[in-house]
Amino acid sequence: MLDPLIVVLIGTSLVAASAAVTGVFTFLRKRSLVGDAIAHAVLPGVCVGFLAAGTKDPLMLTLGAFVTAWLSIYAVDLIRRHTPVKEDGAIGIVLTVFFALGIMMLTSIQSYGNAEQSGLEHVLFGSAASMT
């Protein structure tokens, strides 16, 4: 059995390595703001996944996050194509709207009294110590 500190160290190292590789490609393609929009857009999906499962089922949380991440990319493209708003403005709109929706849903979930909701905010804000 590995020491929990080693597990956290390995986990954060793997996350850092994968984020660095992805970050380099998005920066070189001048699309780094899209990553921020997607990162903030997964919060409502996580909340919907939690509401659908009633627990912090990793599969449902991931599925909800994937769906809203895809919707955010589609929304950016839709706004950019059908309005005079430039791409960076569209990304800012989508980031703000999805994140605000996620915060509203998270606040609502926390008032339900379901004990399973504890720690749900760590999905977005992170908690390296919970990797064990």
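Analyst: Begin with the inventory: in this predicted model, the protein chain holds 5 helices and 0 strands, and from the N terminus on the order of elements is α-α-α-α-α.

User: How is the length of a helix checked, and what does α1 show (residues 4-28)?

Analyst: The expected span of a helix is 1.5 Å times one less than its number of residues. Helix α1, with 25 residues, reaches 36 Å from its first C-alpha to its last, close to the 36 Å expected.

User: What is found in the backbone just after α1, and which residue follows α2?

Analyst: Just after α1, K30 takes a positive phi of about 60°, while α2 is followed by G54, whose phi is also positive, near 80°.

User: Which residues of α2 are buried, and how much of the whole chain counts as buried?

Analyst: Here a residue is called buried when its relative accessible area is under 20%. In α2 the buried residues include V34, A37, A41, V42, L43, P44 and F50, whereas of the 132 residues of the protein chain 24% count as buried.

User: What do the contacts say about sequence separation?

Analyst: Among contacts in the protein chain between residues at least 6 apart in sequence, 66% join residues at least 24 apart.

How values were computed: Residues numbered from 1 in each chain as written. Predicted model: local features only at pLDDT ≥ 70, side-chain atom pairs only at ≥ 80, totals over all residues. Heavy atoms only, no water. Helix = DSSP H or I, 4+ residues; strand = E, 2+ residues; numbered from the N terminus. Buried < 20%, exposed > 50% of the residue type's maximum accessible area, 1.4 Å probe, protein only. Contact = heavy atoms within 4.5 Å.
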